[in-house]
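I opened my notebook to look up a few local features.

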Amino acid sequence: MSAVLCCADPLAPGRVDPHFAAQAAAVREAGGTVALIDHDALLAGDAAGAVRRVPRDLGGAWYRGWMIPTARYGELCAALAARGVPMNVPVDDYRAAHELPGWHGAFAGLTPESVWTPWRPREVPDPGTVARLVAPLGGGPAVVKDYVKSRKYEWDEACYVPDLSDVAAATRVVARMVELQGDDLAGGIVVRRFERLARAEARVWWLDGAAVLTTAHPDTPAVAVAPDLTGVAAAVARLGRRFVTTDLALRDDGAWRVVEVGDAQVSDLPSGVDPAPLLGRLP
Ligand SMILES: Nc1ncnc2c1ncn2[C@@H]1O[C@H](COP(=O)(O)OP(=O)(O)O)[C@@H](O)[C@H]1O
Ligand SMILES: [Mg+2]
């Protein structure tokens, strides 16, 4: 079994962050090694400092921890490689699963149609740019996010567009999303056709092409849903990345839709779920 790198507890840097303690225990119980990453140092740009506690020449490693911006993940990979610890998910694979433009093509037909454009944090979008961006979607309702995250808790002001043909209103929502993401805006702007989806999602965890665990979504941990994975496995195979998650929701016409894809190293596992089937199985 490979090693698993977990985030250290910021209050006790020699220990695993309590959020990931049960997962680290599952790795150790399965005979694996856990090493610690300083997530704060990594995000502050100090990748060498972030990997200080990782033993040299540990061999191939997975990560289980808080989300990492793709560029910082690349720095993490480089700092670890310099210590003889190659990540099992190289930065290109991380980007492909973590950012919508990387996975959307593989899931075409299973996920809401989307358009996107690279964008700089804090750059204010103008109506002309928004009109050109959303033109392929025509009119109708839409959802706005960056390449990774939405502002779903500010739904009306920064996430949902009632009708894309109202360019002024669409621009306001896109601009507010960009403003609220601030320096954390990931990659760029995404606009997706709105579909009538059930609120409760299932999170399916895929390892080397096989669905190894289905959990509730962390936002609705009490709601268990059993998605139909017909078609999804083929899309995961097309994406061709080793360790990913797919969030699925039932559409009002009965079709299971892929709301988003993630790199399973940074997807949250709802608390209370037995982590052994996932963490005890990493090759
Ligand atoms: N195209 C869409 N149509 C309808 N609802 C959507 C759509 N995209 C997202 N949502 C809703 O918004 C929520 C947040 O979107 P999501 O893409 O999962 O972003 P986040 O990364 O912030 O979770 C989803 O859980 C879903 O309820
Ligand atoms: Mg989501």
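My entries follow, one topic at a time.

**Ground rules.** I am reading a predicted model, where local features need pLDDT of at least 70, side-chain atom pairs count only at pLDDT 80 or more, and totals for chains, interfaces and linings use all residues. Residues are numbered from 1 along each chain as its sequence is written, chains are lettered from A and ligands numbered from 1 in the order written, and side-chain values use heavy atoms, leaving out hydrogens and water.

**Aromatic pairs.** I looked for rings of Phe, Tyr and Trp (its six-membered ring) whose centres lie within 6.5 Å; planes under 30 degrees apart are stacked, over 60 edge-to-face, the rest tilted. I found six aromatic pairs. One of them joins Trp62 and Phe243 edge-to-face, at 5.4 Å centre to centre and 70° between the planes. Trp62 sits in strand β4 (residues 61-64) and Phe243 in strand β11 (residues 243-250), so this pair ties together parts 181 residues apart in sequence. Helices (H or I, at least four residues) and strands (E, at least two) are DSSP runs, numbered from the N terminus. I checked burial next: Trp62 and Phe243 are both buried. Buried means under 20% relative accessible area, exposed over 50%, and partly exposed in between (1.4 Å probe, protein chains only).

Trp155 and Tyr160 make a stacked pair, 5.6 Å centre to centre with 10° between the planes. Ring pairs link Trp155, Tyr160 and Phe194 into a cluster. Trp155 has 34% relative accessibility, so it counts as partly exposed.

**Two packed helices.** How do helix α7 and helix α9 pack? Helix α7 (residues 127-134) and helix α9 (residues 167-181) pack at about 100°, with axes 9 Å apart. Axes are lines fitted to C-alpha atoms, for helices over the stretch in contact, and angles run from 0 to 180 degrees between N-to-C directions. α7 and α9 are therefore roughly perpendicular (65 to 115 degrees). In contact terms (heavy atoms within 4.5 Å), Pro127, Val130 and Ala131 in α7 meet Val167, Ala170, Thr171 and Val174 in α9.

**Helix α4.** The buried residues of α4 are Thr70, Tyr73, Leu76, Cys77, Ala79 and Leu80. They pack against β1 (3-9), β3 (34-37), α2 (39-43), α3 (47-50) and α5 (91-98).

**Positive phi.** Asp57 is not a glycine, yet its phi is about 55°. I placed Asp57 in the loop between α3 and β4. Asp57 is exposed, at 63% relative accessibility. Asp208 also has a positive phi, near 45°. Asp208 lies in the loop between β9 (202-207) and β10 (210-216). Its relative accessibility is 45%, so Asp208 counts as partly exposed.

Terms used. Parallel < 35°, antiparallel > 145°, perpendicular 65-115°, else oblique.
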